Amino acid sequence: MTQFAYYALIFITSFLLFLLYLFNWRKQFHVAFTALFIMLPILELTYLLIYYYHDPATTNALMKIIFMCVTFLPAMLTFCVLSLCMIPVSHLVRNLVILVSTAVMIPFLLLDLILPGSITIREIGGNWVMLKDYGVFQTVYNIFLLTFLSIDLAIVFYTYFKQKQVSRIILFLLVLPIIICMVAYVVGMASWIPGYEVMPLAFVLSQWIYLWIVDQMAYHSVSEIVTESIVEGGDVGFITVDSRGRYLGSNEIARKILPDLENMAVDQFIGENEAMRKTVFEWIRRFRADSGAKKITYKAEISANEKDVQQAIREVNKEEGKTEKKKTDKEDREETGKEERDIRYYSINVGDLYYGGKRCGYQVFMEDDTQNQKYIRLIGDYNKNLKADVKAKTERIVSMHEQLIMGMATMVESRDNSTGGHIRRTSEGVKLLTEAIKRDGSLHLSEGFCDRLIKAAPMHDLGKIAVDDVILRKPGRYTPEEFNVMKSHAAEGARIVHEILKDSDDEEFRRIAENVAHYHHERMDGSGYPDGLKGEEIPLEARIMAIADVYDALVSKRVYKDSFSFEKADRIILEGMGTQFDEGLRKYYEAARPALESYYSSIGVGEKAAAGMG
């Protein structure tokens, strides 16, 4: 192979690698990569011309081009290494490196004037050989070159052990050009192969490795590849606006979603277009007001032909809280079918637009979110139906539970000759008392408490199921011994209620029902049973139950007495306030008294009471 063929082949290879780089170029590539791929073919061409013309004057001129390139190559190589290793470098450091390289380059350009060195080219053994005598400045350049190459190696090894986010493949490839160039430089200094420079071959090998690195970068640059995938994905629209609100551009998808973009001119203020003012301009305004990106749900009515760009647009912004007229079932089904066919949903993301590390405007991404929104709606409808089903079944279970309790209470009542209908009437009495308490409002009883108390009222005498029929059905007054047995029904009732409701999820209902059964015969002065509680030791629900229980006993006919008149019953209840009943409940009882009398009159209980007799 002749000298000319050797250098020509190297130059052609280098130039082809440069073209491949241009073909694979991406804007995320550091400028140092482009500088390398430009300088290396120039170097190869210079070597080719030197050995083509092989005269001293041309060689001297061309060598200055070589010196200029090789003094900047180490700096460019270092910038590439720093970029690939994700190590940021300040402008000051970059400028300092360029300044040092320039300072080293100048003496080489003026070599024949300031240094006692020379470059000549002679024919030796059929080959043209370049004889170089650089003088003392060669030592300076050697130190300069070895310093940069050592720094490059140190950066690569540091990154390998400390930085996990850099590709190990790229780090390995970075080491190869450094080693190749160092070996070639030593070989070239020794002149082992006269007439054949080793550095041009080292440069083209390094160029090929850097092209390999560039190819790997395309896959390891996460932000760039993700952005490109989004943009090229076919269902994401984007719009860019500068910091003064001027339209910069958009892709075809964005113009399909917002047809008015077709009428926007580059550099036109987006607020001048009414449709843009209601959409893009408003989204950016909200983004600036909230100091951060915020998702907005955007709904567009798209025609059946997806390629038709004339689409009607309307925004659905949940933040505005607009209420719509309630639709009939038929209208709702028609609207649902229409949405399935025509409506598209877009998730809007607004963010800052950066260029060169500085914020220069805003970017708006519009991603098709139709399937997700339909899925959310489907899940919402499913949850709504599920809740309705659970509610209906729960209500049925609760109803069955209440009917069971009422059945048990009725069964107990059927064994007692003296209390027919007592359970139903006392439940109504409790209801009327709680309504009076709620109207007044000073006790602040919750709806839940009142509802639970009314449901618990039928359970207050469940303990009588444990009382012997001989005593329970006795047609007359009890002896002291029989009365003691009868009094046991309170504690026994609490035990039975506890067993019935111990697995209930409603802890408050269980507590109220137990208290009503246990303490409805306690008295405020402490003379009641079964525990002799007094005052506020008696739970409120039991104090309310006591009034309803005694009132019903007074106005109803029993086997051992006739029914009392409403006036007499009222007098007995009021006389018992503070001793038997809670004085604090007096005003509520008095407020409920007309309703109690009306209720008992309506069901025909105690005709004498209604007539004012007794």
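Trainee: At what angle do helix α21 and helix α22 pack?

Mentor: Happy to start there: this is a predicted model, where local features need pLDDT of at least 70, side-chain atom pairs count only at pLDDT 80 or more, and totals for chains, interfaces and linings use all residues. Residues are numbered from 1 along each chain as its sequence is written, and side-chain values use heavy atoms, leaving out hydrogens and water. Helices (DSSP runs of H or I, at least four residues) and strands (runs of E, at least two) are numbered from the N terminus, while axes are lines fitted to C-alpha atoms, for helices over the stretch in contact, with angles from 0 to 180 degrees between N-to-C directions. For α21 (residues 540–555) and α22 (residues 566–575), the axes are 9 Å apart and the angle is about 145°.

Trainee: Which residues of α22 make the contact with α21?

Mentor: Contact here means heavy atoms within 4.5 Å. From α21 come Ile547, Val550, Tyr551, Leu554 and Val555, and they meet, from α22, Phe566, Ala569, Ile572 and Ile573.

Trainee: Which residue does a cis peptide bond join to Tyr529?

Mentor: Look in the loop between α20 (507–519) and α21, where a proline, Pro530, lies. The omega is about 15°, and the partner of Tyr529 is Pro530.

Trainee: Is His444 buried or exposed?

Mentor: First, the backbone: His444 has a positive phi of about 55° although it is not a glycine, and it is found in the loop between α15 (422–440) and α16 (447–456). Buried means under 20% relative accessible area, exposed over 50%, and partly exposed in between (1.4 Å probe, protein chains only). Because its relative accessible area is 69%, His444 is exposed.

Trainee: And how is Met86 classed by its relative accessible area?

Mentor: Met86 lies in the loop between α3 (56–84) and α4 (91–109), and it has a positive phi of about 60° although it is not a glycine. Its relative accessible area is 48%, so Met86 is partly exposed.

Trainee: Which residues is Thr78 in contact with, leaving aside its neighbours within four places in sequence?

Mentor: Thr78 lies in helix α3 and counts as buried because its relative accessibility is 7%. With those neighbours left aside, its contacts are Phe148 and Asp152.

Trainee: Which backbone oxygen does the side chain of Gln363 reach?

Mentor: Gln363 lies in strand β8 (residues 358–368) and is partly exposed, with a relative accessible area of 25%. Not counting residues up to four places away in sequence, it touches Ile239, Asn349, Val350, Gly351, Asp352 and Leu353. At 3.1 Å, its side chain reaches the backbone oxygen of Asp352.

Trainee: How many disulfides are there?

Mentor: A disulfide is taken as a pair of cysteine sulfur atoms within 2.5 Å. Cys80 is buried at a relative accessible area of 0%, and Cys450 also counts as buried at 0%. By the sulfur rule, the number of disulfides is 0.

Trainee: To finish, what share of the protein chain do buried residues make up?

Mentor: The chain comes to 24 helices and 8 strands. Residues 24 or more positions apart account for 65% of its contacts with a separation of 6 or more. Of the 614 residues in the chain, the buried ones make up 43%.

Terms used:
A polar contact is a pair of N or O atoms within 3.5 Å; within protein, one must be able to donate a hydrogen and the other to accept it, and residues adjacent in sequence count only if both atoms are side-chain atoms.
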